[in-house]
Structure formats: structure tokens, C-alpha cells
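Please read the points alongside the model.

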Amino acid sequence: MVLTPRQLFLRHQAQTSDFPLLLEIERAEGVYMYGPDGRRYLDLISGIGVSNVGHRHPRVLAGIQAQLDKYLHLMVYGELVQAVPAQLAEAIHQTLPAHLDSVFFTNSGTEAIEGALKLAKRHTGRTELISCLNAYHGSTHGALSITGSEDFKNSFRPLLPDVRHIRHNDFADLMLITERTAAVIIETVQGEAGVRVPSLYYLPALRRRCREVGALLILDEIQCGYGRTGTMWAFEQFGIEPDILVCAKGMGGGMPIGAFISSTEIMSGFKTNPILGHCTTFGGHPVSCAAALATLQVMQDEKLAEGVAAKAARFREQLRHPAIRDVRGCGLLMAVEFDSFAVLKPIIDYALEHESILTDWFLFCDNSLRLAPPLTISNAEIDEACAALLRAIDAVVK
């Protein structure tokens, strides 16, 4: 008996919940995904912030194919000179402040977080790490340790020691950052908390406090970076610069890649005492780097970040309904708030089943609907999405 992909998925693929979507996808293009029966689904979450340039952008595919024709993996990270990773590192540097000139490539965002935490400890000689309540930084042990939700952490203790949490956007808590602190790590815009945008004064105050006590400031832009908020990097909107920047998700055009970025001075700490202070086998994989380089070039050539504000405003103008309590956002990272999860979940289900619209909620804010479509979404597709969501709300909320 030949099992279907759905049967194989349920029988042999490790599950992350008791209620997976079980939506079978055969192919994807632009902002749409297609099932085996040809049914078309409008993707409003971009694989959770991954497909910023849309699914299978032709230039990304061309970059991948060009690299496939040369070589795949050759050697562990940082030993051989490979053109595409080196070109990608330089291209990323050109988008950043001058001091952020050293890029360490990883396979994912959570791996980049691990590297950034190690780098901060290595450079400062300190051990305390500070992050925010309701922050999400990944699922590996170090990243989980600084995640700001006890519900996600309690089953896996003991985790990293000497971790402290502060309240996001709370000025009083900045005094908890002291000479013991190696680094403060914060999402420039909180994602899984339900898109929480800090005040214009908070991040500058945090930056000053870190300098006062000699702590490094790590900005996690895994979800809010790469044009998602309307600028290449979200921190550009707040008048600050990090000591270490972390990115992933949208940078690969659909391929797995992440990075943590700092100054050559700080990053040099990994070269000695011990040698190979941080290393990876597949980080900076040439095929992923080729996809990422093409993605960055598409972002720049098509001016995708510049179009984000108008597209976000178009969503806001149309998403008006008595059941909607709030629409928060920074660019095309948006949260549509309802009274409760009990109200929201049927809307999400109806939108998928009857309107072919894929949406989601947030880990730490389950009464808000996630909107993070590909930055390539057109005005017509925004109108299509909003009309479908409003029909779903009308069908569910009586």
C-alpha cells in the first residue's frame, strides 16, 4: 500500500502540536500557495516572515541555480574563500552602520541568537543576560533561556543561569541593567507579543543605559528586519545602532540562513582563547547565500521596503469591523486584535476553509491575528485579502 503524503506526515514526521494545519501544498508562487487539487491559498504570513520577496521569486531561483552549477557544501564555516558568501557579507554591510562590518552566517535565527549571546559573554567577560518579558528568540536552549514566557520554558529547565527579564517599553526597568550585564537582547519590534512597537524614546534610553554600564546591545531583527517594517532595518526608525544585530527569516528568500553581525573588533573574540570559539558546519552554505544575495538585490532593485508604508495603510483602511478591537503594526508586521482566542480562532479557520486565506495568531498574544504578507503583495491582492477576512469575521461573529 502506498501511503499519501498526509499519512506519511502523520505517521513518521515529528509533530509540534496535536492540531497541525494539515494543509497540503504542492507548489507556491508569489503570494499564493497551491494544493494538489489546484486550490489557491493567499499567504498572509509569509511562512512567518520568511517569504518577504514572495514564494519562488525568479531572481532567487536563478541565483540558486547558478550556484548549483558550481558547487554545494565544501568545508566547515570560515575556512575556504567562497565568492557568494563573501559577496553577501559585503552587500549586507553596505546596508548597515560602518561599525557593523563583520558577518557570521548561521543556518537559522535561533542559531544566530546563540552566537550573539556567546559573543557578548566573550567580549565583556560578564555572564548576566537581560531580555524582555513576552520576547521570543528561538527554541534552542540558550535562545529559550532568554525567551520571556515561563509557559514555554518550564518543561525544559534547567536552562542558562544568570538571565533576567525586564518589561518591554518600561523606562524604570532600565535601571536593572548594571555593570554585571553582558548584554541586553531585545526585538526592535516585539513579534510574538503581538507586534508591540516601542516608543520613540525607549530604545534610545536603552542604548544610553547599555553604554553607561558597558553592556552590549543586541537587536533581534529576525522577524522585523529585511524591509518588513518599511526600512531595511527596523532600528533605523528609532535613531539607534546596536553592538550586535541578529537577522534570519526574510533574508534567504525561502532558503535557510541567519546571521549575527558586529564589529570586527568584537567578533575577533572568537578567534582565540579558544580558537574556533564559535563554528558551524553548514552556516554560510553557498546555495543559501546565493538565494540571500539575490533576495537582497531584489529588495533594493524593486524598492520593496519603500512600498511597505502605503500597503500597510491600505490594510488599515479596510480592516474595520465592530469585532476588531485594534490594528497594531510597524509596516507589514501587523496584529489585528479581537476580544479573545475564542473569537479569533474560528475566524482563522473560516478564512482558511472558505476563503482560502492563510493567517495565524501570535505565541504570546492569542487574541490577535497575524498579518505579515510578502512585501511584493499588490494593492489588488490586499483588497482581496481584506474582503475575505471581513467576510470571515461576518460569518463567525454574530
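Which helices and strand each supply at least two residues of the lining of the second largest pocket? The answer is given in point 2, after a word on the model.

1. The model is predicted: local features need pLDDT of at least 70 and side-chain atom pairs count only at pLDDT 80 or more, whereas totals for chains, interfaces and linings use all residues. Residues are numbered from 1 along each chain as its sequence is written, and side-chain values use heavy atoms, with hydrogens and water left out.

2. Helix H4 (83-93), strand S4 (102-106) and helix H9 (264-267) each supply at least two residues of that lining. Helices (H or I, at least four residues) and strands (E, at least two) are DSSP runs numbered from the N terminus. The lining comprises 36 residues, and Tyr77, Gly78, Glu79, Val103 and Phe104 lie nearest the centre of the pocket. A pocket is an open set of points on a 1 Å grid over the protein atoms alone, with protein on both sides within 12 Å along at least five of seven lines; a cavity is a set where a 1.4 Å probe fits but cannot get out, and lining residues have an atom within 4 Å of a point.

3. The second largest pocket holds about 760 Å³ of space, a volume being the space filled by probe spheres set on grid points, which are joined across faces, edges and corners. Its lining has 20 nonpolar, 13 polar and 3 charged residues. Here Ala, Val, Leu, Ile, Met, Phe, Trp, Tyr, Cys and Pro count as nonpolar, Asp, Glu, Lys and Arg as charged, and the others, Gly among them, as polar.

4. The structure has 1 cavity of 30 Å³ or more. The largest cavity contains about 40 Å³ of space. Leu319, Val336, Phe338, Ile347, Leu369, Leu389 and Ile393 line this cavity, giving 7 nonpolar, no polar and no charged residues.

5. Helix H11 (residues 308-318) packs with helix H13 (residues 379-396) at an angle of about 30°, their axes being 10 Å apart. Axes are lines fitted to C-alpha atoms, for helices over the stretch in contact, and angles run from 0 to 180 degrees between N-to-C directions. H11 and H13 are therefore roughly parallel; angles under 35 degrees count as such, over 145 as roughly antiparallel, 65 to 115 as roughly perpendicular and the rest as oblique. Contact (heavy atoms within 4.5 Å) joins Lys311, Arg314, Phe315 and Gln318 of H11 to Asn379, Ile382, Asp383, Ala385, Cys386 and Leu390 of H13.
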